[in-house]
Amino acid sequence: MSWNGKDDKGARYEGEFRLKVVADGYTTRNWHYYQCYAKSPFLRGTGTRENPYEVARPEHLERMADFPDKHFIQVQDIDLRSEIISNIFSAEHPFMGSYNAKPQESVFRILNYNGNTSLFGVIGVEGELNYATVLDARITGTGQKRSAVMAEINQGLLMNCAVEQAVIYSASATDAALMTVENSGVIDRCRAHGTIYTYGCMAGGAVYNEQRMIRTKVEADLNLTAGEISSSEELYVGGVAAVNGQAAFIDACESNSSIQAAGTLQTPARLYMGGIVGKNAGQVRDGSSLALFPLEYTTDLIGEAQGGMIAGENNGMITGVTYYETVGRKSSATGSGREESLHPLENHNEEG
């Protein structure tokens, strides 16, 4: 059975249609609804690498969910001020194509994104975001177990992407990240700038880095309210990542982040804070942690907490990282991991 895509008058049909298959008087396939496009479902293009779909409007972003394995370019700034769009791709249907927001010389941005979780959702193992830029995002995170701005999960490649002037705030227990909560792919040459407020959970540029973050810069204000936490959980907050896994790498990344903590940690709960990573079980190589991380930022916290200019807890290896050597904030506050060829800088802003 085939259909040429034309209506009864011979014109190309565009819109919704439904189909039912009947054979010998018996229905073999019930009504199913489909969408038909007379031209491209986007501004232009066919969705191949050679002729990608052109994304120019909010409805184009939303429509990408129906084409998770296609290729896209963004051809102008897109304002989401009055739109309700989030988690375009899911774990069941992850993004396996490519998205490029710099088709020529200019980088086109996604503006004023408002949601309770990330914009792109799940990036699959073959998925790529290139130069995707989200400017002035507000993420509530309330009711979510985890929230991010760019993607909740990255299994593919984020390259030259940027999150600028973002705020994540939640009154519930939410793991929050400016770039992605869970990274089991590669994040390369990205930038993240914003503020996170979370309640009794973990926060950072990413939360769980399980593979590789390279040449990525994070400038974040990370604010944790511990509440009356009485569980045995260990909480981690880090500028680039909250947790760097055992087989993971943070290479040549830069953190210019501040961390503030308040509330009460009930024994045996613990909090670990690091300028680059809260907990390092893998490798942190080169890069720098140059933010001010004064002790007075955590004086409102009651309970057991450790902090370091590079790592709050280090069970892995740290080499070649430049950091401010501040009283009470050494290269790694806890752990017995290897620390070689570090480059402490005297912080002239510290008194004494």
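Biologist: How many aromatic pairs does a search of the whole structure find?

Modeller: The search finds nine aromatic pairs. Rings of Phe, Tyr and Trp (its six-membered ring) pair if their centres lie within 6.5 Å; planes under 30 degrees apart count as stacked, over 60 as edge-to-face and the rest as tilted. One of them is F42 with F72, an edge-to-face pair at 5.3 Å centre to centre and 75 degrees between the planes.

Biologist: Where do F42 and F72 lie?

Modeller: F42 is in the loop between β2 (26–36) and β3 (53–55), and F72 is in strand β4 (residues 71–74), so the pair ties together parts that are 30 residues apart in sequence. Strands (E, at least two residues) and helices (H or I, at least four) are DSSP runs, numbered from the N terminus.

Biologist: Is F42 buried or exposed?

Modeller: Buried, with a relative accessible area of 4%. F72 is buried too, at 1%. Buried means under 20% relative accessible area, exposed over 50%, partly exposed in between (1.4 Å probe, protein chains only).

Biologist: And what do F89 and F95 form?

Modeller: F89 and F95 form a stacked pair, 4.7 Å centre to centre with 25 degrees between the planes. Both F89 and F95 are buried. F42, Y53, F67, F72, F89 and F95 make up one aromatic cluster.

Biologist: Before I go on, what kind of model is this?

Modeller: It is a predicted model: local features need pLDDT of at least 70, side-chain atom pairs count only at pLDDT 80 or more, and totals for chains, interfaces and linings use all residues. Residues are numbered from 1 along each chain as its sequence is written, and side-chain values use heavy atoms, with hydrogens and water left out.

Biologist: What is the mean pLDDT of the protein chain?

Modeller: The mean is 83, and 77% of the residues reach 70 or more. Over residues 329–336 the pLDDT is below 50, though this stretch has 34 contacts in the model beyond near neighbours in sequence. pLDDT is the predictor's confidence in each residue, from 0 to 100. Contact means heavy atoms within 4.5 Å. Where pLDDT is low, the predicted coordinates should not be read in detail.

Biologist: Zooming out, how many strands are in the protein chain?

Modeller: There are 38 strands, plus one helix. Of the 352 residues, 51% count as buried. Among contacts with a separation of 6 or more, 71% are between residues 24 or more positions apart.

Biologist: Which residues is S288 in contact with, leaving aside neighbours within four places in sequence?

Modeller: C253, E254, S255, I276, V321 and T322. S288 lies in strand β31 (residues 288–289). S288 is buried, with a relative accessible area of 10%.

Biologist: Is D221 buried or partly exposed?

Modeller: Partly exposed, with a relative accessible area of 37%. D221 is found in strand β22 (residues 217–229). Leaving aside neighbours within four places in sequence, D221 is in contact with G194, T195, I196 and S258.

Biologist: Last one. What lies over the face of F249?

Modeller: R212 does, at 4.5 Å from the ring centre. A charge sits over a ring if NZ of Lys or CZ of Arg is within 6 Å of the ring centre and within 35 degrees of the ring normal.
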